[in-house]
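Please look through the structure shown here together with its sequence.

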Amino acid sequence: MFITIEGMDGSGKTTAIAPIKECLESLGYKVLLTREPGGHKVSEEIRKVILADYSEGMHPWTEALLYIASRKEHIDKVVVPALQQGYVVISDRFMDSTSAYQGNARGLGIAKVNEIQEIVLDGCIPDLTIYFDLNMEEAERRINKRPELKNRLDRENLDFKLKVKDGYDQLVKSFPNRIKVIDANLGIEEVQQQTKKIIVEAIEKWKVQT
Ligand code: TMP
């Protein structure tokens, strides 16, 4: 089963999914936690290029296509092989990040970006996506608390971030069966509990269907 985690920078998604691997393994599942951009050596190299300060001002299509190129390597070398070996694969970010950040916030258009992703991803679509929904003030507060970790996109202006959020809101409306929303404004323990519950229930359901 393929699960992806999405949200604005500062939404706490990375912290929330860390303990889930152990929990699922204690229930007998093989679990692979991975991330985008990255997850494989070529993809990690592309990540460095995209997030480097020298990439400031990169054309939005260059940015989108680099994320998608990094994704293709990740899928081909990591995600699909692990799924074939029966792993539950959980990726911190995937295709919806490109739709929200480059499609909506950079203005390329969600539909156009998704058209390309559909061709490149070739059917590798998540079975479940969890979206960590966080209000903008809280997202900014959390990002500003760890300035040393800020990347090029974290430093974008408020208008860009509002468009990222709006992009995610559109995706949630368009794919209600695949994308489940968690209120990331809640405390970390509550968020972790809810994430765990959604994932475990989805895996149990998926097991019956397959
Ligand atoms: P991370 O901080 O979650 O590792 O992600 C790195 C940054 O890249 C983050 O600001 C979100 C951004 N991003 C995109 O703009 N498009 C994408 O397709 C992905 C995967 C990430």
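## The model

This is a predicted model, in which local features need pLDDT of at least 70 and side-chain atom pairs count only at pLDDT 80 or more, while totals for chains, interfaces and linings use all residues. Residues are numbered from 1 along each chain as its sequence is written, and side-chain values use heavy atoms, with hydrogens and water left out.

Helices (H or I, at least four residues) and strands (E, at least two) are DSSP runs, numbered from the N terminus.

## The sheet

Five strands make up an open sheet, and their order is β2-β3-β1-β4-β5. The strands pair in parallel; two strands count as paired if DSSP finds at least two bridges between them. At the edges are β2 (31-35) and β5 (179-183), each of which pairs on one side only. From one strand to the next the twist averages 20°.

Strand β1 (residues 2-7) and strand β4 (residues 128-133) run parallel and are joined by five bridges. G7 has F132 in β4 as its bridge partner. Helix α7 (residues 158-174) lies across β1, β4 and β5, where contact means heavy atoms within 4.5 Å. The helix runs at about 140° to β4; axes are lines fitted to C-alpha atoms, for helices over the stretch in contact, and angles run from 0 to 180 degrees between N-to-C directions.

## The pockets

Rolling a probe the size of a water molecule over the atoms shows where empty space is left. The search uses a 1 Å grid over the protein atoms alone: a cavity is a set of points where a 1.4 Å probe fits but cannot get out, a pocket is an open set with protein on both sides within 12 Å along at least five of seven lines, and lining residues have an atom within 4 Å of a point. Grid points are joined across faces, edges and corners, and a volume is the space filled by probe spheres set on the points.

The largest pocket holds about 840 Å³ of space. Its lining has 34 residues, and D9, K13, T14, R93 and R146 lie nearest the centre. At least two lining residues come from each of α1 (13-26), α2 (41-51), α3 (60-84), α4 (95-105) and α8 (188-209). Helix α4 gives the largest share, four residues. By class, the lining has eleven nonpolar, ten polar and 13 charged residues; Ala, Val, Leu, Ile, Met, Phe, Trp, Tyr, Cys and Pro count as nonpolar, Asp, Glu, Lys and Arg as charged, and the others, Gly among them, as polar.

The second largest pocket has a volume of about 300 Å³. Among the residues lining this pocket are M1, D127, L128, N177 and K180. Helix α8 supplies the largest share of the lining, six residues. Five residues of this lining are nonpolar, two are polar and four are charged.

## The cavity

There is one cavity of 30 Å³ or more, and the space in the largest cavity is about 30 Å³. E6, D96, T129, Y131, Y168, L171, V172 and I179 line the largest cavity. The lining divides into five nonpolar, one polar and two charged residues.

## An aromatic pair

Rings of Phe, Tyr and Trp (its six-membered ring) pair if their centres lie within 6.5 Å; planes under 30 degrees apart count as stacked, over 60 as edge-to-face and the rest as tilted. The count by this rule is four aromatic pairs. One of them joins F2 and F94 edge-to-face, at 4.9 Å centre to centre with 85° between the planes. F2 belongs to strand β1 and F94 to the loop between β3 (88-92) and α4, so the pair ties together parts that are 92 residues apart in sequence.

## Backbone details

The peptide bond from E36 to P37 is cis, and omega is near -10°. P37 is in the loop between β2 and α2.

R93 is not a glycine, yet has a positive phi of about 80°. R93 sits in the loop between β3 and α4, and is also one of the residues nearest the centre of the largest pocket.
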